[in-house]
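Here's my note on the charged pairs, as promised. Have the picture open while you read.

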Amino acid sequence: MADDRKKQRLRSPAYPSINLQEAIEKASVIYRHEKRHAVPVDVVVCEHFGYETAASSGGLRAVAALKQFGLLVEEDGGTESRQVRLSNLALDILIAENESSPERLKAIKTAALSPPLHRKIWEKYGGHLPSNASLSAFLIREMEFNDAHVDKFIRQLSQTVAYARVAEPDTIEDDDDDLDSHESSDSATSYPNTAGRNQAPLPNQMTTTTYHLPTNPIMPSMGVVAETVNLPITMPSLKVAWLNVPSKLTKLEFDTLVNTLKMFEAALVQPPSLLAADPVEGAPK
């Protein structure tokens, strides 16, 4: 009986049903049609998201996901006349002059950790997601998660973290000036430092390591000390590669690095036929 009550409580997941990239794409559709204006929820669901009825569970879950990521703000009104509008956080992402601007990247990272469950997991594991099996066990045993939703949630969380590059430097900077720059009247979209104030840097961020070079049989070690940088590279498929390189390179050394990577192309690149046969499409690698 107790287990049945637990599952009943979690039948409507209190977490985003779609990943952050999908949520931002849906927010961009709203912006294209409505700009900053409030719009009825049924218009969003039917006209902008393309669902047949305003009561569509998929459409309402998508709206809820945008709210959980902090991209939508609900206006005052009764249940029958609910209206939403894009938040300041969403606008920071959608109308940035440069897609790679620090402000936009910061807003995306903020959105990724806005759902309370995302934040709880990120902080519990010190800024690095554990294996799917470990995370699944934590969700089921400690968070009373519905077994049927675990795999989908883990996939969504992994995709969101990879897309937002949350583990990279400056995850969410503690910058009071930036926080004060948002509209004070829009308290619902005034977003805080999601990584917490005065916290130590999270592990697996881009880091610099100092070490003594090992002895080279061709060129014996001269006691040189080198610094390396761990560079995370997020690919369009959301796979993440880590590249450990010296922190200071000459142009010739950089060109050598690039040419060496190209030499591995034949071994690393999979034929399209094999990629299409991947049994778990969209699953994190």
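This is a predicted model: local features need pLDDT of at least 70, side-chain atom pairs count only at pLDDT 80 or more; totals for chains, interfaces and linings use all residues.

1. Residues are numbered from 1 along each chain as its sequence is written, and side-chain values use heavy atoms, with hydrogens and water left out.

2. Side chains of opposite charge can pair when their charged atoms come close. You'll find 4 salt bridges in this structure (a side-chain nitrogen of Lys or Arg within 4 Å of a carboxyl oxygen of Asp or Glu).

3. Start with lysine 67, which pairs with glutamate 74; their closest N and O atoms are 2.5 Å apart. Lysine 67 has a relative accessible area of 32%, so it's partly exposed (buried is under 20%, exposed over 50%, partly exposed in between, using a 1.4 Å probe and protein chains only). Glutamate 74, at 31%, is partly exposed too.

4. Glutamate 74 also has a salt bridge with arginine 82, at 3.7 Å from N to O. Arginine 82 is partly exposed, with 26% relative accessibility.

5. Now look at glutamate 75 and arginine 85, whose side chains meet in a salt bridge at 2.8 Å, N to O. This pair links distant parts of the chain, 10 residues apart: glutamate 75 lies in the loop between strand 2 (72-74) and strand 3 (83-86), and arginine 85 is in strand 3 (strands are DSSP runs of E, at least two residues, numbered from the N terminus). Glutamate 75 is partly exposed at 26%, and arginine 85 is partly exposed at 22%.

6. Which residues do shared partners join into one network? They are Lys67, Glu74 and Arg82.

Technical notes
Helices (H or I, at least four residues) and strands (E, at least two) are DSSP runs, numbered from the N terminus.
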